[in-house]
Amino acid sequence: MLDWWKKVAFENYANFEGRARRSEYWYFTLTNILITLGIYIIFAAIAIPNIESDDPPPLLLIPLILLLLFSLGIMIPSLAVAVRRLHDTGKSGWFLLFNLIPFGGIVLLVFYIQDGDLGENRYGPNPKEKLLSEE
């Protein structure tokens, strides 16, 4: 699972061109959710024992800073893999703006779940076929 995350986060950090398979997008998303959840668990482990206290412990800043740095660090790769996923379904990256309208996220979810276009489309070759030819 971390291989997909490494591929998207480091090898294709800001690559908004080409296509991304469903597995690439969803493994990247799952890994980000798990890392974020882990940071929240650390935050809760520090915060819950001190819930009665008026002064928050200074250690509470560590998971908050980690969360901020992680969020900033994956912002561009998250946008890039989402755009490449849309490209795989034949949609423009501008469709990400659907997030700004009510229920637009549901439309994007449907696009992310769809299988990619067969063969080559205007955004490049099918990544499934490319993967099969490399084996």
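User: Is Trp26 buried, partly exposed or exposed in this predicted model?
Analyst: In this predicted model, the relative accessibility of Trp26 is 32%. Buried requires under 20% and exposed over 50%. Trp26 therefore counts as partly exposed.

User: Which class, buried or exposed, applies to Tyr25?
Analyst: Tyr25 has a relative accessible area of 11%. The cut-off for this class is under 20%, so Tyr25 is buried.

User: What geometry does the aromatic pair of Tyr25 and Trp26 adopt?
Analyst: The two ring centres of Tyr25 and Trp26 lie 4.9 Å apart, and the angle between the planes is 85°. Planes over 60 degrees apart fall in one class, and the pair of Tyr25 and Trp26 is accordingly edge-to-face.

User: How are the rings of Phe95 and Phe98 arranged, stacked or tilted?
Analyst: Phe95, at 26% relative accessible area, is partly exposed, and Phe98, at 28%, is partly exposed. Their ring centres are 5.2 Å apart with the planes at 45°. Stacked would need planes under 30 degrees apart, so the pair of Phe95 and Phe98 is tilted.

User: Which residues do ring pairs link into a cluster?
Analyst: The count of aromatic pairs comes to 4. Ring pairs join one cluster of Tyr25, Trp26 and Tyr112.

User: At what angle do H3 and H4 pack, and how is H3 oriented to H4?
Analyst: Helix H3 spans residues 61-88 and helix H4 residues 104-113, with axes 8 Å apart. In H3, Ala82, Arg85 and Leu86 meet Leu108, Phe111 and Tyr112 of H4. The packing angle is about 65°, which makes H3 roughly perpendicular to H4.

How values were computed:
Residues numbered from 1 in each chain as written. Predicted model: local features only at pLDDT ≥ 70, side-chain atom pairs only at ≥ 80, totals over all residues. Heavy atoms only, no water. Axes fitted to C-alpha atoms, helices over the stretch in contact; angles between N-to-C directions. Helix = DSSP H or I, 4+ residues; strand = E, 2+ residues; numbered from the N terminus. Parallel < 35°, antiparallel > 145°, perpendicular 65-115°, else oblique. Contact = heavy atoms within 4.5 Å. Phe/Tyr/Trp six-rings, centres within 6.5 Å; stacked < 30°, edge-to-face > 60°. Buried < 20%, exposed > 50% of the residue type's maximum accessible area, 1.4 Å probe, protein only.
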